[in-house]
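Visitor: I would like to learn how to read packing in a helical model. Could you take me through one?

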Amino acid sequence: MNSFRPTTIERAYELARSGACRTVGDIKARLQAEGYEGVKDRLYGASMTGALRKLCLDNYVAPQGEEEAATLMRDDEDDH
């Protein structure tokens, strides 16, 4: 059994690349839910948050219902 656990920063990058997190806030929430401590302190600074934000934007995959709802909202806004 492998008991290796990635560091907070390593796990944050894994989550950003996974497509499961839309924002850095989503990453922080997931890390806290997974039991990581000091998340805000470790993911602090413009360089860190900027890099994670870019990875989230590049890799995020919306859940099926969420993507359809976003499209409908944009269509409604275009009608006004």
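Guide: Gladly! Contact here means heavy atoms within 4.5 Å. Keep in mind that this is a predicted model.

Visitor: With that in hand, which residues is Leu15 in contact with, leaving aside its neighbours within four places in sequence?

Guide: Leu15, which sits in helix α1 (residues 8-18), is in contact with Ala20, Cys21, Ile27, Arg30, Leu31 and Glu34. Now take Ile27, in helix α2 (residues 24-33). Ile27 and Leu15 are 12 residues apart in sequence, and their C-alpha atoms are 6.5 Å apart in space.

Visitor: Is Ile27 buried or exposed?

Guide: A residue counts as buried under 20% relative accessible area. Ile27 has 0% relative accessibility, so it is buried. Leu15 is buried too, with a relative accessible area of 1%. Beyond residues up to four places away in sequence, Ile27 touches Ala12, Leu15, Ala16, Cys21, Leu43, Leu52 and Cys56.

Visitor: Leu52 and Cys56 bring us to α4. Which residues of α4 are buried?

Guide: Start with the general idea: an α-helix has 3.6 residues a turn, so residues three or four places apart point the same way. In α4, the buried residues are Met48, Thr49, Leu52, Leu55 and Cys56. Viewed down the axis of α4, they fall within an arc of 125 degrees, so they line one face of the helix.

Visitor: What do the buried residues of α4 pack against, and which residues are exposed on the other side?

Guide: The buried residues pack against α1, α2 and α3 (39-42). On the other side of α4, Ala46, Ser47, Lys54, Leu57 and Asp58 are exposed.

Definitions and conventions: Residues are numbered from 1 along each chain as its sequence is written. This is a predicted model: local features need pLDDT of at least 70, side-chain atom pairs count only at pLDDT 80 or more; totals for chains, interfaces and linings use all residues. Side-chain values use heavy atoms; hydrogens and water are left out. Helices (H or I, at least four residues) and strands (E, at least two) are DSSP runs, numbered from the N terminus. Buried means under 20% relative accessible area, exposed over 50%, partly exposed in between (1.4 Å probe, protein chains only). The arc is that of the directions from the helix axis to the C-beta atoms.
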